[in-house]
Amino acid sequence: AQNDTEEQSKSTRVSYSMIGGLSNQLDVIRETIELPLKNPELFTNYGIPPSRGVLLYGPPGTGKTMIGRAIANEVGAHMTVINGPEIMSKFYGETEARLRQIFSEASQRQPAIIFIDELDALCPKREGAQNEVEKRVVASLLTLMDGIGSEGHSGQVLVLGATNRPHALDPALRRPGRFDKELEVGVPSAVERADILQKLLHTVPHSASVEELNRLAESAHGYVGADLAAVCKEAGLHALRGVLGGSTHLSDQQLKGRVTVTLQDLTWAMS
Ligand code: ATP
């Protein structure tokens, strides 16, 4: 993988069970994304073209990339992550060439998912005033997406676009056959934050009760998943510092079983 894309590796394996607070979205995904990726013939036999593009929209850090990784993992799909701003190049034709290469690789490795983070940077709407580079990039992305499911292509390639600003996208991208499904991944409610905390702490030795975590989640107004993940990490470091007590040479064995994250660590990390 080059530095503007990233491929799914073992260390980034994400399953649906690790994603908190998005159960409605995950239900929709199972039915409308997973099924056609796994069994495209189910759809094509009935003349229903499988979706080629799905737009996930919502603020940063709410779990959009996680969703992409979880689908890829569940379906056993190859996944390439592209970052919109990073792949935009001022050099003539370079962005289009990279896109062509990524789509061609995906079609060779079907089922495959192409995840485009910050899609709006790649395809902005500029009220008839897109610059030359942007015009060419939008046109080539559309051509590449229209090619999915055509000859030599069984259609098991899905493009997931993530954006913070769905209305800033070139409207041509949101027509049928392109990003024709949209799913909101919004800021979590208190109940959803509690679910996210439970999931983040699932593999962490901790002593906070369900009620305590619920109360903590309630007080974390405005926190998204990425913020809660940062809180858990800070709390873990705080607990570790407490056990180390200034010493720097305890072995893993000595530490094992002694670091438990408490409600105090979590509260400290949140303040
Ligand atoms: P961006 O738009 O900035 O790329 P994103 O919506 O794609 O953000 P992710 O990259 O999926 O967000 O989330 C960042 C990290 O935050 C995840 O690796 C995970 O640790 C945590 N996280 C975010 N949302 C959730 C969630 N719903 N459940 C559990 N963890 C979450």
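Q: Which backbone atoms does the ligand pair up with?
A: This is a predicted model, and in it a ligand oxygen is 2.8 Å from a polar backbone atom of Gly-61. An oxygen atom of the ligand is also 3.1 Å from a polar backbone atom of Thr-62.

Q: And what about the side chain of Asp-117, how far is an N or O atom there from a ligand oxygen?
A: That distance is 2.9 Å.

Q: How much of the ligand's accessible area does the protein cover?
A: The ligand has 630 Å² on its own, and the protein covers 76% of that.

Q: OK, where does the ligand sit?
A: In the largest pocket. The elements giving two or more residues to the shell are α3 (64-75), α8 (190-200) and α10 (225-244).

Q: How many residues surround the ligand, and which are closest?
A: There are 17 of them, with Gly-20, Gly-61, Lys-64, Thr-65 and Asp-117 the closest. By class, the shell splits into nine nonpolar, six polar and two charged residues.

Q: Switching to the backbone: which residues does the cis peptide bond join?
A: Gln-110 and Pro-111, with omega at about -5 degrees. Pro-111 falls in the loop between α5 (94-108) and β4 (112-117).

Q: What's the phi of Glu-118?
A: Near 55 degrees, which is positive in a residue other than glycine. You'll find Glu-118 in the loop between β4 and α6 (119-122).

Notes: Residues are numbered from 1 along each chain as its sequence is written. This is a predicted model: local features need pLDDT of at least 70, side-chain atom pairs count only at pLDDT 80 or more; totals for chains, interfaces and linings use all residues. Side-chain values use heavy atoms; hydrogens and water are left out. A residue is near a molecule or strand if one of its heavy atoms lies within 4 Å of it. A polar contact is a pair of N or O atoms within 3.5 Å; within protein, one must be able to donate a hydrogen and the other to accept it, and residues adjacent in sequence count only if both atoms are side-chain atoms. Accessible areas come from the Shrake-Rupley method with a 1.4 Å probe; for residues, only the protein chains shown count as cover. On a 1 Å grid over the protein atoms alone, a cavity is a set of points where a 1.4 Å probe fits but cannot get out, and a pocket is an open set with protein on both sides within 12 Å along at least five of seven lines; lining residues have an atom within 4 Å of a point. A molecule sits in a cavity or pocket if more than half of its atoms lie within 2 Å of its grid points. Helices (H or I, at least four residues) and strands (E, at least two) are DSSP runs, numbered from the N terminus. Ala, Val, Leu, Ile, Met, Phe, Trp, Tyr, Cys and Pro count as nonpolar, Asp, Glu, Lys and Arg as charged, and the others, Gly among them, as polar.
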